[in-house]
Each structure stands twice: as structure tokens, then as C-alpha cells.
Amino acid sequence: MTIVPSGGTGPASTPTGQGVGPLLRAWREQRRVSQLELALRADSSARHISFIETGRSRPSEEMVLRLAEHLDVPVRERNALLLAAGYAPRYPETPLDDPALDALRAGMEQLIRGYEPYPALVVDAMYNVHAANRGILMILDGIPEHLLEPPLNAMRLTLHPEGLAPRIRNLREWRGHLLAQLERQIALHRSEPLRRLYEEVAAYPVPEETPGAEPAEPAEPAEPVPYFALPLQIEHEGRVLSFVSSISTFNTPMDVTVAELAIETLLPADPATVKYLQSLMF
């Protein structure tokens, strides 16, 4: 289990060549916030916000960052807003393999390794996989090599008809969940690379069930489980394992790379899955 550089953590999404005013107006409208509401949040006036958006007033660096904060603009796009206003970017974008991030990489590796035998991985804003533990490797066993070439992409691996899709027993529900998640990320980041990824994976054919195929058995016979979240039900060696997904991000990141990293853990959703995975302790 290693951190794998993938040639960049996230998409460049904010249009270039625009002044800061139109960009701020676009973010405000996307967030469905009025000029008055934004002014109240940012301790300003609706008139000043209007002047900034129309280019009649140049905002200070502090005001750009304050408005971005109240509009929940992602860190990468805050840099773009600063550049459009004529200021230097505030947030660095440190390559993940830079020695400055040694402690971060070691911490993430220790975290997902400690989660074994349950699956866990680290992804960036484009869902490229930067680290995975042995629980993930177990799930990926048998996936064709061409899907495992870097940069490894979690969305492609999951929804590709030669990837995990044929093994997912509730594929239509899980596929709908993932596509909705991508749509929310596209709305948040206004990212063309993410949109292209969405269009690619949404176009994948949904594998049909093989006629006459024997249904996989659950990890062991058990009473029906009242799931508390949509489970990922995936077949492994003739058994159906059930997981629920949890995603963690870093609090108040000050670096673009760190801001776009997420740790996804797959929590066993029923006692049978717990028992089976613990029997496979490495």
C-alpha cells in the first residue's frame, strides 16, 4: 500500500481571462445568494458588492477572500479569483510526493493501513486513487490490467463494465448514487474535467445479469439487516459483502493539493461481512 502520484490532484476549472467581478457574480448566482445577503454575511453593502461585480470597484485582497469564504468557493478557485483581481495566489499547490508532505502521506498510509481488513483509499478531486489498503486490493482482485494502469480512477474502476460493475449486486442504485455525487461535485467546482469524467462513466453500458447464473450467497445466512445508509453490495468469491461508504476531508486546508484529497472508508454494513473480512486477516 503506497501513495501513488497521479500527475496532479485536481482540475483547473475557473475560466481565465475574466475580471474578478463576473467570476464572483457567477459564484454568487450558483450559490443562489442575493447581493444583499452576501453583503450582510461579508460585513459589506449591497452597493459595494454590485460595484465589485460590475467592475466599478476593485476589491481588496481581503475582500476577495472574505467573499470567497462566504460563497464556499473551493481553495483552487480562490486562487483564480485572486489572480483575476490582480493579486498573487494565496494557497500553494504542493505535489503530493514533495518532501514537505512526507508527514501527511505517512499519516494517511497509517490511517488506511490501520483500517484493514476493511477497505480504504485516498482519492483526489478527480477521483484518482493515490493510496489504497489491502482491503481495496482484495476487492480489485481479477480486474483487467488496462483498468489498473495509472492514474487509477475510482469512478472508472467502479462503473466500467469490465471493472467492478458486474460484481455489484445493487448496481443501478449504487451507480445512481455515484453519478449524483459527481453532479454535486461538478456544481461545487464548476469543473470541465469532472464533467468529462461524468459524461464518460455515465455512458458506460450497465451490465446485464447472466441468464441462468447462480445468485451469490450472502457472507453467511442471517436475518435481514436494517441498513442505515445505501449499502454497496459486492460479490467476492461467491459471497456478497455489504459496505457503507464514509468520506473524510481535511479541516480548513491551506494547500490546494490537501484541500482536494479525501479518504474513503468502506464500513461493513452487516455482521456477516464483518465476520468474513476478519476471517481474511492478513
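**Around Ile234**

Author: Setting aside neighbours within four places in sequence, Ile234 has contacts (heavy atoms within 4.5 Å) with Ile139, Leu164, Arg167, Ile168, Arg239, Val240, Leu241 and Phe243. A word on the basis: this is a predicted model, in which local features need pLDDT of at least 70 and side-chain atom pairs count only at pLDDT 80 or more, while totals for chains, interfaces and linings use all residues. Residues are numbered from 1 along each chain as its sequence is written, and side-chain values use heavy atoms, leaving out hydrogens and water.

Ile234 belongs to the largest nonpolar core, which has 51 residues. Such a core joins buried Ala, Val, Leu, Ile, Met, Phe, Trp, Tyr and Cys residues through side-chain atoms within 4.5 Å, buried being under 20% relative accessible area with a 1.4 Å probe and protein chains only. Together with Leu197 and Val201, Ile234 touches the most other members of this core. Helix H9 is the top contributor, giving six residues; helices here are DSSP runs (H or I, at least four residues) numbered from the N terminus. Apart from this core lies another, made up of 24 residues that include Ala42, Leu65, Val75 and Val256.

Asn79 sits in helix H5, which spans 75-84. Its relative accessible area is 9%, so Asn79 counts as buried.

Technical notes
Helices (H or I, at least four residues) and strands (E, at least two) are DSSP runs, numbered from the N terminus. Buried means under 20% relative accessible area, exposed over 50%, partly exposed in between (1.4 Å probe, protein chains only).
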